[in-house]
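User: I am new to this structure and would like to know what the terms used for it rest on. Please set each value against its definition.

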Amino acid sequence: MIEEGKPLFVQIAEEVEDSIIDGSIAEEAQAPSTNELAAFYRINPATAAKGVNMLVDKGVLYKRRGIGMFVSPGARDLLLSERRSLFALRYVQPLLAEARKIGLGPADVADLIRVSAEPTTPTTPTTPTTPPTLEPSDRRTS
Amino acid sequence: MNPVIEVRNLTKRYKDTLALDNVSFDIQKDTIYGFLGRNGAGKTTAMSILTAQNLPTSGQVRVFGENPYENARVLSRMCFVRESQKYPDDATPRHAFASARLFFPRWDQELADELIDEFQLPLKRTIKKLSRGQLSAVGVIIGLASRAEITFFDEPYLGLDAVARQIFYDRLLADYAEHPRTVLLSSHLIDEVSNLIERVLVIDAGRIIMDESTDDAREQATNVVGDAATIERALQGREVIHRESLGRVASITFLGRLDDAERAALTAAGLELAPVSLQQLIVRRTQQRTPHHDALAASDVTQEGVSR
């Protein structure tokens, strides 16, 4: 759950964002407190607070005095559009880089995505869904 | 920020060993510090001096703005859990907790009782007959239940199994959340404590070599793996702290941040970038200057778990 490479408070903020995106914390519902986050993820409360503050600055959470943090109206749409705009950078580009390394072009990748996305239909097992082009990847001479 | 401890030009010399070499640092209020470094680096010496259990050769220490020496007003607000705390021969854990209760004004008996239960500590056995882990539990319980405004834990986990260590970490976080205070935690299990600590203070051969937020420390170094010649070209001018190679492939750890463009350029050149954990960073930074510093480390470890 917690990985190296991204600041811890950013990861905590993203965990909260994920809960808002998937609907497990509704808009206008109370968000987990700093201390709850700290205990759950076993991290320093100051780090958890930094993550929560980041979400407040972004307009995802707002504070009700004396009660706690709540999810702002419109937070889900805000997060969805942010995540969608980051999607190419975070997921598509690394995918294409790895594909290039093993000799698959964008079209091959697109085909693979289409095949992988197909529901596990009861297709005849005699047509194996092999990746379309394996030959060009085998560029090794000798 | 307001520091609760201020250390200026602190030096401690034992005969021909320089344990602390002119160190200066501040400890901020209500912050959990990781006080890290190799065996013999000076951690215990520094903590002993801060708690007035040892005298400096030169330099100045202020705790809550005052000199801590024979200063009851300051000392009752500090708790030092030593790795090798000595108790009277016939003392039991019950005695140890009773005297702690008298000494620490903010002592919480309820918390102590809960912890005794969780650590399954026998109260009536003499401390001499406790296992190493049980002895550590006595110290951990005193450190937590004293609720002192500054608490020093000097390798508090010796002999504690993984379950007991997790109890300690969880209790420390939970109690800190409700009763914020300053904690200096000295530990060799850096990976285990890296998420608990807000700041790192690293001491190496008697000098402070890192004093920064844990977040900053985590981003301080990057590891890059790939074709050695490509890496050398790409990293020109960077400070390399570790280097390994396997044939033409090199793995190099260097200091300094990369911006998104630099990151993209390195990836496009076929190099793989990986973050460096706090533990790896500290290993790299403390092995540079003291390659043979510590032959005694092994004997310390074998003491673990030995029944006393």
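**Salt bridges and a helix face**

Analyst: The side chains of B:Arg181 and B:Asp175 form a salt bridge, with N and O 2.8 Å apart. This is a predicted model, in which local features need pLDDT of at least 70 and side-chain atom pairs count only at pLDDT 80 or more, while totals for chains, interfaces and linings use all residues. Residues are numbered from 1 along each chain as its sequence is written, chains are lettered from A and ligands numbered from 1 in the order in which they are written, and side-chain values use heavy atoms, with hydrogens and water left out.

User: Why is the contact of B:Arg181 and B:Asp175 called a salt bridge?

Analyst: A salt bridge is a side-chain nitrogen of Lys or Arg within 4 Å of a carboxyl oxygen of Asp or Glu. The N to O distance for B:Arg181 and B:Asp175 is 2.8 Å, so the pair qualifies.

User: What makes B:Arg181 buried or exposed?

Analyst: Buried means under 20% relative accessible area, exposed over 50%, and partly exposed in between (1.4 Å probe, protein chains only). B:Arg181 has 2%, so B:Arg181 is buried. B:Asp175, at 8%, is buried too.

User: Which other salt bridge does B:Asp175 form?

Analyst: B:Asp175 also pairs with B:Arg147, their closest N and O atoms being 2.7 Å apart. B:Asp175 lies in helix H6 of chain B and B:Arg147 in the loop between H5 and S6, 28 residues apart. Helices (H or I, at least four residues) and strands (E, at least two) are DSSP runs, numbered from the N terminus.

User: What does the salt bridge of B:Arg77 and B:Glu149 tie together?

Analyst: These side chains meet at 2.9 Å, N to O. B:Arg77 is in the loop between helix H2 and strand S5 of chain B and B:Glu149 in the loop between H5 and strand S6, so the pair ties together parts 72 residues apart in sequence. B:Arg77 counts as partly exposed at 27%, and B:Glu149 likewise at 26%.

User: How do you know that the buried residues of H4(B) line one face?

Analyst: The buried residues of helix H4 (residues 109–118) of chain B are B:Leu111, B:Ala112, B:Leu115 and B:Ile116. Seen down the helix axis, they fall within an arc of 140°, so they line one face. The arc is that of the directions from the helix axis to the C-beta atoms. The face turned away from the buried side carries the exposed residues B:Glu110 and B:Asp117.

User: What covers the buried residues of H4(B)?

Analyst: Among the elements in contact (heavy atoms within 4.5 Å) are helices H3, H5 and H6 of chain B.
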